[in-house]
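Me: Got a new model on screen. Can you walk me through it?
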Amino acid sequence: MPEDRFILLKAGEARPGRVKVPPAFAVKARTTDTEGRFSLLEVVVAQDVPRHVHHKADESIYVLDGELLVDFDDRTHIVTKGQFVLLPHGVPHALRRGSTPPPRVIQISSPGGWECLIEDLIEARPGITTGGELDPVKLNPIAAKYDVTYEVPGH
């Protein structure tokens with residue numbers, strides 16, 4: 001029944017998950033909330049996300065504050081407050097901070113699952129970084145479960 005799936009979050013609230021996530025990842029709609037259709041997060045992009053490809057999910061990003069740099073199709077796009085970008089599955093892209101403070105965005109993944117990957121990566125920390133940066137070689141075994149592949153530089 002649709003009423004069973006009704007969710008109303010107060011300002012600053014997030015959906016609980018399998019693990020506690022940092023405040024930079026506020027999950028507003030989990031994949032289980034939407035019967036797998038999508039997940040929605042409010043994210044502060046505090047760390048650059050290496051070039052990767054989603055093999056099944058489209059990623060949509062709406063910038064709430066700041067400036068997000070999106071590397072897509074061998075070009076860098078500057079996405080600012082009020083702008084939207086659709087990153088279709090199958091096309092490599094990277095996300096980088098373009099402002100201080102870092103950009104705050106709404107991120108939608110369709111079909112859902114992004115919040116589950118985030119939870120797995122949080123559980124794996126600090127084992128997924130090298131020199132304080134996300135390491136594609138270490139990310140890939142975890143990301144493969146979600147049909148995401150991070151590009152390994154030089155390969």
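Me: What kind of model is it, and what secondary structure does it have?
Reply: It is a predicted model. The secondary structure comes to two helices and 12 strands. From the N terminus on, the order is β-β-β-β-β-β-β-β-β-α-β-β-α-β.

Me: How compact is the protein for its length?
Reply: The radius of gyration is 15 Å, close to the 15 Å that the globule rule gives for 155 residues, so the protein is as compact as a globular protein of that length. The C-alpha trace spans about 50 × 35 × 25 Å along its principal axes.

Me: What share of the residues is buried?
Reply: Of the 155 residues, 38% count as buried. The accessible surface comes to about 8700 Å², and 58% of that belongs to carbon and sulfur atoms.

Me: What about contacts in the protein between residues 24 or more positions apart?
Reply: They account for 63% of the contacts with a separation of 6 or more.

Me: Switching to charges. How many salt bridges does a search of the whole structure find?
Reply: The search finds 17. One of them joins the side chains of Glu 119 and Arg 30, at 3.0 Å from N to O. That pair links distant parts of the chain, 89 residues apart. Glu 119 is in helix 1, while Arg 30 is in the loop between strand 1 (25-29) and strand 2 (39-44).

Me: Are Glu 119 and Arg 30 buried or exposed?
Reply: Glu 119 counts as buried, because its relative accessibility is 2%. Arg 30 also counts as buried, at 10%.

Me: Which residues are linked with them in a network of salt bridges?
Reply: The network links Arg 18, Arg 30, Glu 119, Asp 120, Glu 123 and Lys 145.

Me: Tell me about Asp 120. Where is it, and what does it touch?
Reply: Asp 120 sits in helix 1 (residues 114-124). Leaving out residues up to four places away in sequence, Asp 120 touches Arg 18, Ile 142, Lys 145 and Tyr 146. Its relative accessibility is 13%, so Asp 120 counts as buried.

Me: What else does Asp 71 touch?
Reply: Not counting residues up to four places away in sequence, its contacts also include Arg 51, Thr 76, Pro 92, His 93 and Ala 94.

Me: Last one. Which residues form the nonpolar patch on the surface?
Reply: Tyr 62, Phe 84 and Leu 86 form it, with about 310 Å² of accessible area together. Tyr 62 is in strand 4 (residues 58-65). Tyr 62 is partly exposed, with a relative accessible area of 35%.

Terms used
Residues numbered from 1 in each chain as written. Predicted model: local features only at pLDDT ≥ 70, side-chain atom pairs only at ≥ 80, totals over all residues. Heavy atoms only, no water. Helix = DSSP H or I, 4+ residues; strand = E, 2+ residues; numbered from the N terminus. Buried < 20%, exposed > 50% of the residue type's maximum accessible area, 1.4 Å probe, protein only. Contact = heavy atoms within 4.5 Å. Patch = residues over 30% accessible without salt bridge, like charges linked within 9 Å, V, L, I, M, F, W, Y side chains within 5 Å. Areas by Shrake-Rupley, 256 points an atom, 1.4 Å probe, with all protein chains shown as cover. Salt bridge = Lys/Arg side-chain N within 4 Å of Asp/Glu carboxyl O. Rg over C-alpha atoms; globule rule 2.2 N^0.38 Å.
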